[in-house]
Structures are given as C-alpha cells and as structure tokens.
Amino acid sequence: MPVTIKSAREIELMRAAGKILGKVHQDLKKELRPGMTTLEIDCLGEEMIRSYGCIPSFKNYQGFPASVCVSVNDEVVHGIPSKKRIIKEGDIVSLDIGVNYKGYHSDAARTHAIGEISKEASELILHTRECFFAGIRYAAAGCYLHQMSAAIHKQAKSYGYGVVRDLVGHGIGSHLHEEPQVPNFRKPTRGIRLRPGMTLAVEPMINEGTGNVTWLQNQWTVVTRDHKLSAHYENTILITKGVPEILSITEDEIAEGVWIPGGTA
C-alpha cells in the first residue's frame, strides 16, 4: 500500500477520532487504581470508546481479543486483559488504544504509574515521552522520516535506555496500519520525504535495560528479555508544512504545557 496523503475531509475525520481518543485516555487514567484487574480496564475503555460513537480499532484485529492493550511492568505492548491479572501499587501500566470514527482510525498509548512508583520507573515514563517529542521535531514537510527515528534513538540512548527494534510505528488512516513503517531507532537510510497530509502513529517503546524483547506463548504479548521495565508513549500526528499537529494529545497534557498546539514542544 502506498503512503497516502489525506484529503481535507479525511483530516477532519482523523482530528475528530484523535480528539475522542485523547478524551478516552484522559478519562481512563482517572479510573486506574491498585486492585483493578486488567480486564476491568479493558471493559471501561471499550465502554468509553463506544460512548463517543466509535468502534474499538483493536478488538478482533487479526484476532486480538480486547479493545485496550494493557501491558504491565516488563510487558512492552499487546498485553491481553485478564480477570486474573491484578494491578498493584508500584506497577507501571501501558494503555495502547485505537478508535475508529466513521471509518478513520487514531492510535495512541500512555504509560501510567499505579500509586507510588520507584524513581527509576517515574523517570522511564517521563523520558519515553521526551523521546516522542524529540522525534517529532523532525516531523515536518521536507524532513525525512528517519531523521525522526534517529532523534528518538539519540534521546533514549542519552539516558542509557534500550530501544525496541522488533516493533515500529506506522502510517494510519482508513486502515489502522498503513505505510510507512516508523522506526524508533537509527537507520542507515533517510527514509521517505515527509509531505503535508501524511498521518503517522509515532510510538517510542523504550526499555529500562536491553532493547531485546520476546513474545509470550499467547503470541501477542511482548516482554523485555531481561524483564526490566518498559514504557510506551504514542500519538497520531498530522504532517504539515511546519510544526506537526498531534491529533490524539489530551487536554490535560495541553494544560500541563506538554505541547502547545501550533507551537513547539
């Protein structure tokens, strides 16, 4: 599938999808507490998604059984919700969520602290978000895709973290996964030249230790090979002639000054 340039109508639909997804992330974060099962988190997430007139992008996608990927501690991505998995004080929990609004998708992930967490875990969450913003400084028309990848990699390595290479970001639009692939690590090539109207899911997956990962027997859940912590921060972005537009940013993040729409990080 070629890289698609979205029309004005498609961009408006993706803006709506992203705004809804930001609200879902913001509201679901407020519900997290020790003692919840990961299945409870998934059920709440699906209820929120559907309350906005959206379809969960992930549910039954290539057989994935849930609406929210709930990944705990050393789980990088694709944690399958379960009534047997209980989150507890000190855990970090990554929520990866996709919504389909009138045929167009938005995809975003956040990693959250459950109660009081270690300094190292808190820093990993913060620095993973920093990696995203370091990358999208190069997400403008005329830049090359792998400039963004190299910036993410450089930021992660400056803290001594491992960068996951087995999984990457992706284009997004009327399909959940479109071209191009968006690596979080340095590549020997420049990659494609970015053009206005491209929409990308940029998603650093950063590990406290090695970047090496392995798949569990369920064939979905990816964990760090050394079982150290992993964090995930993702947004759907729109390439413009200047500063990219983050379609799935939350209102809380804007209020915190994490990102100023139309400005710089």
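Buried means under 20% relative accessible area, exposed over 50%, and partly exposed in between (1.4 Å probe, protein chains only). The model is predicted: local features need pLDDT of at least 70, side-chain atom pairs count only at pLDDT 80 or more, and totals for chains, interfaces and linings use all residues. Residues are numbered from 1 along each chain as its sequence is written, and side-chain values use heavy atoms, with hydrogens and water left out.

**Exercise 1.** Is Phe 133 buried or exposed?

Solution. Take its relative accessibility: 8%. Phe 133 therefore counts as buried.

**Exercise 2.** Classify the ring pair of Phe 133 and Tyr 233.

Solution.
- Rings of Phe, Tyr and Trp (its six-membered ring) pair if their centres lie within 6.5 Å; planes under 30 degrees apart count as stacked, over 60 as edge-to-face and the rest as tilted.
- The centres of Phe 133 and Tyr 233 are 6.0 Å apart, with the planes at 40°, so this pair is tilted.
- Tyr 233 has a relative accessible area of 4%, so Tyr 233 is buried.

**Exercise 3.** How is the pair of Phe 133 and Trp 259 arranged, and which parts of the chain does the pair tie together?

Solution.
- Centre to centre, the distance is 5.7 Å; the planes are 25° apart, and the pair is stacked.
- Phe 133 lies in helix H3 and Trp 259 in the segment after helix H5 (251–256), so parts 126 residues apart in sequence are tied together. Helices here are DSSP runs (H or I, at least four residues), numbered from the N terminus.
- Trp 259 counts as buried, at 4% relative accessibility.
- Ring pairs join Phe 132, Phe 133, Tyr 233 and Trp 259 in a cluster.

Terms used: Helix = DSSP H or I, 4+ residues; strand = E, 2+ residues; numbered from the N terminus.
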